[in-house]
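I opened this model to look up a few places in turn, and I note here what I found at each of them.

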Amino acid sequence: MIQGIHHVSALTKSFNENHHFYSDILGLRLVKNTVNQANIKMRHLFYGDYAGTPGTLLTFFEIPKIGTSYNERAYFGSITLGIPKNTTNFWEKRLNDFAISFQKTDKTLSFHDPDRMGIILTEISETITHPTIHTEIPADKQIVRILGADYHVPSTDETSQFFTEYFGLESQNGVLVDKNGLSFARIYPSRSDKKSRTGRGTIDHIAYTVESKKDVDKLHEMALQNKLPIEEFVDREYFKSLYIKEPSGLRIEFASKEPGFTIDEPLETLGGKLALPSFLEGKRTEIETYFGGEK
């Protein structure tokens, strides 16, 4: 049922720094400029390919007063993004041009965003389906999609069993992969008994893709039957979501492909204005005051 990663959501201190890094440097498109539906004073940014395709989406909650994160007992580590074959040298030069420090191995570049979230670029046998057009990065060199995420947990066996038993991931050489081979999860043991502290660059949750809202409903029924720790089950209009805590307490989301971001904005102007789901439109005037009267 799982069709790779839908999106990764993290915390950022500054919209301007975040937008410069992901849009200007990495070449992703801001496809939805909205708010945290549970906290309308908090901006929520979605970056992805030109069409905002699930699987390409990196999202960020802006918290200007956020402090430093501390990774201890359980936390998400680096995320891995796919780049086309034979483009590592291009990306190495681009990172150098923007004075971004990185580590290089064969076909892999590792670095951090302005909030210290870890990013790994690695080559895959694909090119982007919907290239962005605002960037000078050629289409055949653009970031393709999200490949995987690293988990650091106290019990690797419990976390692995959670994904294999209930959600159909398979273990291949110690790495969990979905049956379509679209995504992976590397599970590492953590060494601390202290609670991790949320801060800049913390990944709030990893969201996995399912085809439809009905499939999210089916997962919800399964979770209820198996008494899994459901945190939230909600229709966000752009997609339907089920949030479940894995055994160490990390937040996992399952989100539908449909209907997507064009339900309230044309494809050509995605991200160009403050977008709100219909159930928040009645609060638009109030919400706009939080972001400087943004329309």
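Predicted model: local features only at pLDDT ≥ 70, side-chain atom pairs only at ≥ 80, totals over all residues.

Setting aside the neighbours within four places in sequence, I found Ser183 in contact with Gly4, Ile5, Leu147, Leu176, Val177, Asp178 and Tyr208. One of these partners, Asp178, is also joined to Ser183 through their side chains, by a polar contact of 2.6 Å. Ser183 sits in the loop between β11 (175-177) and β12 (184-189). Is Ser183 buried or exposed? Its relative accessibility is 5%, and because buried means under 20%, Ser183 counts as buried.

Next I looked up the sheet to which β11 and β12 belong. Eight strands make up this open sheet, and I read their order as β6-β7-β8-β5-β9-β12-β11-β10, with mixed pairing. The edges are taken by β6 and β10 (170-172), each of which has a single partner strand, so one side of each is left without a neighbour in the sheet. From one strand to the next the twist averages 25 degrees.

I then turned to α2 (residues 88-97), which lies across β5, β6, β7 and β8 and runs at about 25 degrees to β7. Which residues of helix α2 are buried? I noted Thr88, Trp91, Arg94 and Leu95, and they cover an arc of only 125 degrees around the axis, which puts them on the same side of α2. As background, an α-helix has 3.6 residues a turn, so residues three or four places apart point the same way. The buried residues of α2 pack against α1 (15-25), β5 (75-84), β6 (103-105), β7 (108-112) and β8 (118-124), whereas Asn89, Lys93 and Asp97 are exposed on the other side of the helix. After α2 comes Ala99, whose phi is positive, near 60 degrees.

Staying in this region, I checked Arg116, which is found in the loop between β7 and β8. Arg116 has 59% relative accessibility and therefore counts as exposed, yet its side chain makes a polar contact of 3.5 Å with the side chain of His112. I also looked up Lys65, which is 51 residues from Arg116 in sequence and 16 Å from it in space, C-alpha to C-alpha.

For helix α3 (residues 156-167) I checked the length, and at 1.5 Å a residue its 12 residues should span 16 Å, which agrees with end C-alpha atoms that are 16 Å apart. Its buried residues are Thr159, Phe162, Phe163 and Phe167; seen down the axis of α3, they fall within an arc of 85 degrees, so they line one face of the helix. Just after α3, Gly168 takes a positive phi of about 75 degrees.

Last I followed another open sheet of eight strands, with the order β2-β3-β4-β1-β13-β16-β15-β14 and mixed pairing. Its edge strands are β2 (29-36) and β14 (230-235), which pair on one side only, and its neighbouring strands are turned by 20 degrees against each other on average, direction ignored. Within it, five bridges join β15 (residues 240-245) to β16 (residues 251-256), and these two run antiparallel; Leu242 has Phe254 in β16 as its bridge partner. Helix α4 (residues 213-225) lies across β13 (203-210), β14, β15 and β16, and runs at about 25 degrees to β15.

Technical notes
Residues numbered from 1 in each chain as written. Heavy atoms only, no water. Pairing = 2+ DSSP bridges. Helix = DSSP H or I, 4+ residues; strand = E, 2+ residues; numbered from the N terminus. Axes fitted to C-alpha atoms, helices over the stretch in contact; angles between N-to-C directions. Contact = heavy atoms within 4.5 Å. Buried < 20%, exposed > 50% of the residue type's maximum accessible area, 1.4 Å probe, protein only. Arc of directions from axis to C-beta. Expected span 1.5 Å × (residues − 1). Polar contact = N/O pair within 3.5 Å; in protein donor to acceptor, adjacent residues only side chain to side chain.
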